[in-house]
Amino acid sequence: MIRLQNIEKVYRTDTVETLAVNGISLDVAKGEFLSIMGPSGCGKSTLLNIMGLLDEPSKGIIRIDDQDVSKFSDQQLAKFRNKKLGFIFQSYHLINDLQVIDNVELPLLYRASSAKERKDLATEALEKVGLSNRLRHFPNQLSGGQRQRVAIARAIVGKPQIILADEPTGNLDSAMGNEIMEILINLNKNDGTTIIMVTHDENMAHKTHRLVRLFDGSQVV
Amino acid sequence: MLKNYFKIAIAVLKRRKFFTFISLFGISFTLTILMVATAFTDKMFSPDYPDYKRARSLYITRVQLENSKDGWINVSSASYHLLSKYISKLKTPEKVAIFTFSSPANTYINNKKLVIEYKYTNADYWDVAEYQFLEGKPYSKQQIEQAAHVAVITAATRKNYFGDVATAVGKYIEADNVSYRVVGVVKDLPRTLRNFYADLYLPYTVSKSDYKEVGLLGGYGAVLLARSEAEMPKMKAEYEQMIAKVPHGDKEFDLMYVNADTSLEAFSRNIFGNGANSGIWLMITIMSLVILLFLLLPTINLININITRIMERSSEIGVRKAFGASSRTLVYQFVVENIILTLLGGLIGVVLSIIVIYAFNQSNLVPNLSLSLNLTVLSFGLVICLLFGLLSGVYPAWRMSRLNVVTALKSQ
């Protein structure tokens, strides 16, 4: 599903050059639930961003669904992200000015769909995460766990093949974290969605199919 | 999609009320001034009472004599001699109105001084200009030939001179110690119509100055009225052919410029004109530059506010990009949002303009000049709003759309 070949990411300032990701090669199979762990600053989020086409690698090749995405234009990348990828962030990144349903509809705005279709799909996604009674609430009227569930609904509404989750339980207590993890496991099991999750939590990581550990930008396990 | 943009635009406007106020104030204030100025310009240049036939009229308001060797010029209105001997003999015009520009005369009612602006005209004048007669009628050709002491007055003069009377026709009005019998009363007109404004209209034959004097310079102007708009070029060509043959008379000057202009050209010639050049392009350039400068300041202000506002939303930009918005889509979204803001400002601007125009009309600052917000003025306002929205929205939107997704997401 995803193939990384010798990926490198270097951050340059006038005086310092930092190697955030150092020659990582990784294959993620279709339907796999993979977790990435490592200490802070080891490059795990950078790697996830590169896999999600949010950031460009300095070197190396990324193939997703057998396509070399390295040479994609801004338009092509946008379309590809919209169709194939869904994102869940640690700090939810919901748009506070929009109601829950409008937040969830967001990915559908960037593809051909009618207002009714968007509403139906968003409601369905919110039902899946158990929030069908919060459609007209604003994000700041919800708890952290509820916000993350809205974020999950937004990530799955467009039925992407791959979900990239950056510490999705990082801001939640363990009970909430477990709930979120359950939802992700079910998505993976029932819908066959490929999930790549960055986490600090060993317990969460052990619930996934495979664990990759990074240290100083390199893969250690 | 648009509904979604609208929702977010309104939410963002509500979020930072002070910024919203500054933006809306800038837009609506600028627009109000521009719209009032447009209403004024529209009133000046569009056919209006009593000068309804502008589309088929040519105006002769200025004679310029020049000594090209020494660079002397002599500028004045035309003489009656020039207008009647040469210009009224033209074949193409249906009518030629000849008139003086208004001058003040003193009159006294109950020992109280009243200044009356008077004007001499020929008979055609009343056919070229479409005055609305509230009572009576214009003086006839015959009365002019007989140098009859008759007059047409405006409604305001009737009120000021005779008081609240039902009729003034048949009564006598005195100006500069000469008595005239009132034959007609016309509806008031604004002072801005230089060629047509007066309080008292008299036959040119009762003029104290010698209208028979031979020479090119004098106190008269003329309007040539073509039979149809289509005949305008023909009329102009005949005029130019004729005027080229008019002898200068004065040895001191070797060049003579007497132009038959459209209403707009005649206006610009009196301010910017020189010789054959009516100065119309200079006038249009100056007006455009003033509008541009006037628009530039609030636009720059709005660009700055927009950059701050948009950068505050970098997390949203990151999210939208992550979920499939291209840079182009984001530019479109922010420009649409900005146009919503400017249209909102525009709406306030229209309301403010209505209030200002109402106050202007009520104040009688320029007597009888009644400004209005017609379709031309409103369309101009809409165009300015859209231009405003585009100019102030595109640059911030473009800058924002270049943001790297990861950087945008981190900045929350």
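## Salt bridges across the chains

By the rule that a salt bridge is a side-chain nitrogen of Lys or Arg within 4 Å of a carboxyl oxygen of Asp or Glu, the count over all chains comes to 22 salt bridges. This is a predicted model, in which local features need pLDDT of at least 70, side-chain atom pairs count only at pLDDT 80 or more, and totals for chains, interfaces and linings use all residues. Residues are numbered from 1 along each chain as its sequence is written, chains are lettered from A in the order in which they are written, and side-chain values use heavy atoms, with hydrogens and water left out.

Side chains of opposite charge can pair when their charged atoms come close.

## Two pairs that link separate parts

In chain A, the closest N and O atoms of A:E32 and A:R210 are 2.6 Å apart, forming a salt bridge. A:E32 lies in the loop between β2 (17-28) and β3 (33-37) of chain A, and A:R210 in strand β9 (residues 210-215), so the pair ties together parts 178 residues apart in sequence. Helices (H or I, at least four residues) and strands (E, at least two) are DSSP runs, numbered from the N terminus. A:E32 is buried, with a relative accessible area of 11%, whereas A:R210 is partly exposed at 29%. Buried means under 20% relative accessible area, exposed over 50%, and partly exposed in between (1.4 Å probe, protein chains only).

In chain B, a salt bridge joins the side chains of B:E117 and B:R191 (3.8 Å, N to O). B:E117 lies in strand β6 (residues 112-121) and B:R191 in the loop between β10 (178-186) and β11 (200-203) of chain B, so this pair connects parts 74 residues apart in sequence. B:E117 counts as buried at 13% relative accessibility, and B:R191 as partly exposed at 45%.

## A network in chain B

B:E316 and B:R313 also form a salt bridge, with their closest N and O atoms 3.0 Å apart. Both B:E316 and B:R313 are buried. Salt bridges that share partners join B:R313, B:E316, B:R320 and B:E337 into one network.

## The largest cavity

The largest cavity is lined by 14 residues, of which B:N306, B:R309, B:R313, B:E337 and B:N338 lie nearest its centre. A cavity is a set of points, on a 1 Å grid over the protein atoms alone, where a 1.4 Å probe fits but cannot get out; lining residues have an atom within 4 Å of a point. Helix α11 of chain B gives the most to this lining, with four residues.

Conventions. On a 1 Å grid over the protein atoms alone, a cavity is a set of points where a 1.4 Å probe fits but cannot get out, and a pocket is an open set with protein on both sides within 12 Å along at least five of seven lines; lining residues have an atom within 4 Å of a point.
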